[in-house]
Amino acid sequence: MRGNSHIAFYITTPIYYVNAEPHLGHAYTTIVGDVIARFHRLSGYETFFLTGTDEHGNKVVEAAEGSGETVEAYVDRISSAFKETWPKLNITNDYFIRTTDGNHKATVREILSKVYEKGDIYFSDYEGKYCVGCERFYTDTELTQGRCPIHMNEPRIIKEENYFFRMSKYQGWLIDYIDEHPGFIRPERYRNEVMAFLKEPLEDLCISRPKRRLSWGIPLPFNDDYVTYVWFDALINYISALGYPGGERFKKFWRVAQHIIAKDILKPHGIYWPCMLKAAGIEPYQHLNVHGYWNVNTGKMSKSLGNIVRPLDLADKYGLDAFRYFLLREMVFGLDSDFSEESLVRRLNADLANDFGNLVSRSMTMAVKYFEGLLPAPGKPEEADEDLRGAALKVIEEYKGMMKGFAFHKALIGVWELIGKANKYIDTMKPWALARSDRERLGTVLTTLTEVIKTVSVLIWPFMPQTAEKIQHQLGLERVGSELPLEAPGEWGRTKQVRAISKAPPLFPRVNPEGEKARG
RNA sequence: CGCGGGGUGGAGCAGUCUGGUAGCUCGUCGGGCUCAUAACCCGAAGGUCGCUAGUUCGAAUCUAGCCCCCGCUACCA
């Protein structure tokens, strides 16, 4: 069933700015990317999943000075922190890009030249309110009563010559494009937000900084006294990573590009980036997928222990798969959510331990207890068996639609409805009674159950790869993980050998509300 | 007239785009089962879906107006 490999899929996270170490928000975005990438691999798509780090700009220089390092050493260190975090969260990115990479810098300069030669970059005065202490310009809205929020002094009005990107030229085109491509920015609330912004005239974008003020950046190809402003640098990573313009990957993947971002960087991605692409003569990306924020009540945590929510700590404490599941199940993609360990524990116990883990546990135990793990070929299915199978096949179809639309919580709700039906099926069929009265029927019931569990294992693999594969090994399947495609559950009745020879440990041990592992 | 988000049983949330018996988790109460991780299954109590008007045979869902809460001031996905 790998015949779909000519179908391509390209997904990106933002490149993370290296002035802080990875936190919950970074982890969420990247796990979403991983889930969607794994889903497409499972569906037979040739998939390219990109993440990386954004390393230029003033704040990075300041952060390096603050830690007493050279800029180069500093960016290497923080970039590595990101790069080394992702494997620990089971992130399967195909490439990790850094904006300090030579090929990226070359691509940025190439694009700049192209747009410059086209006449869409011009040199002009920039006048603004500049705080000498901060060494930066402020907009009126950033100022507190007309004063710098940090130094509390009045900013100086100064003029600076800079290069500008003729973004206003593309406003009409962008409005039409978004109109004609309803899913271009999604969910819809963010599309509306961009459209609302585009109702006002778009200003041209200042894309340079003089070197005397900022040297840590990519020099403009047409004026070496200037470096490019961060967004023009950063956004281009999405194509430089593919080897634009001539790279095979660019040809294969760019036309199916999808970005994932959090709502704070909607404007650069929803407006600057499409205009930049248009100016450079490159097709727009396919979808911009925008998610909300995790609101973390850090006050509570710091009171007791003075600790912060760090993704790796949570994964260590509760299990990586539980952590990944929680993030994708709890947040409605696009909306804000509250994060708390309490709600994580609630989901871990209710959804994972009670509903799902226990279903696997009781089913496996019976397969081993009554048939020594070797289930007989199923007999003639009865109505209840067919109903359950029908429900499973229906869930697979709905799941695909939800996943493609980034409705992860709905995809998981569907899977858990199936889990609920399987638990109910056990209670209705009473296999422990069949063990004494009708062994053939017992075999059919247990086979039906293991098929449902197999189906579930495939559907949860993008979210919880370790758990899914553990189950698939227990079921004695020859193909596991990404080798077991989404269509496999349709081949019902093939699971004969269950390998849970002795009692397997629970997939998800229950946790008491204080976060300690409960006594099993 | 700033912009945006939200107001759904005790708590936390889906559902609103594509109107049609109001759903989930936790909690409470009662029952069942014994294969299972004090788990699972069934049942019960509990909601004027912020307010008002409108469209409609029918509105949590669409339209208009109003009220209340929260971000936009902390690094940042």
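Mentor: Two strands pair if DSSP finds at least two bridges between them. Keep in mind that this is a predicted model. In strand 3, F96 is the bridge partner of T51.

Trainee: How many bridges join strand 2 and strand 3, and in which sense do they pair?

Mentor: There are 4 bridges, and the pairing is parallel. Strand 1 and strand 2 also pair in the parallel sense, over 8 bridges, with F9 standing opposite T47 in strand 2.

Trainee: What is the partner of strand 1 (residues 8-17) in a pairing over 3 bridges?

Mentor: Strand 12 (residues 257-262), again in the parallel sense. There, Y10 stands opposite A257.

Trainee: What is the order of strands in the open sheet?

Mentor: The sheet has 6 strands in the order 3-2-1-12-13-7, with parallel pairing. Strand 3 (95-98) and strand 7 are at the edges, and each has a single partner strand, so one side of each lacks a neighbour in the sheet.

Trainee: Is strand 2 mostly covered or mostly open?

Mentor: Mostly covered. A residue counts as buried under 20% relative accessible area, and 8 of the 9 residues of strand 2 are buried. For chain A, 54% of the 520 residues count as buried.

Trainee: Which residues of helix 5 (residues 171-180) are buried?

Mentor: They are Q171, L174, Y177 and I178. These residues cover an arc of only 125° around the axis, which puts them on the same side of helix 5. They pack against strand 7 (185-186), helix 6 (188-197) and helix 10 (266-279).

Trainee: How far apart are Y126 and C206 in sequence and in space?

Mentor: They are 80 residues apart in sequence and 8.2 Å apart in space, C-alpha to C-alpha. Across chain A, among contacts with a separation of 6 or more, 77% come from residues 24 or more positions apart.

Note on methods
Residues are numbered from 1 along each chain as its sequence is written. Chains are lettered from A and ligands numbered from 1 in the order in which they are written. This is a predicted model: local features need pLDDT of at least 70, side-chain atom pairs count only at pLDDT 80 or more; totals for chains, interfaces and linings use all residues. Side-chain values use heavy atoms; hydrogens and water are left out. Buried means under 20% relative accessible area, exposed over 50%, partly exposed in between (1.4 Å probe, protein chains only). Contact means heavy atoms within 4.5 Å. Helices (H or I, at least four residues) and strands (E, at least two) are DSSP runs, numbered from the N terminus. The arc is that of the directions from the helix axis to the C-beta atoms.
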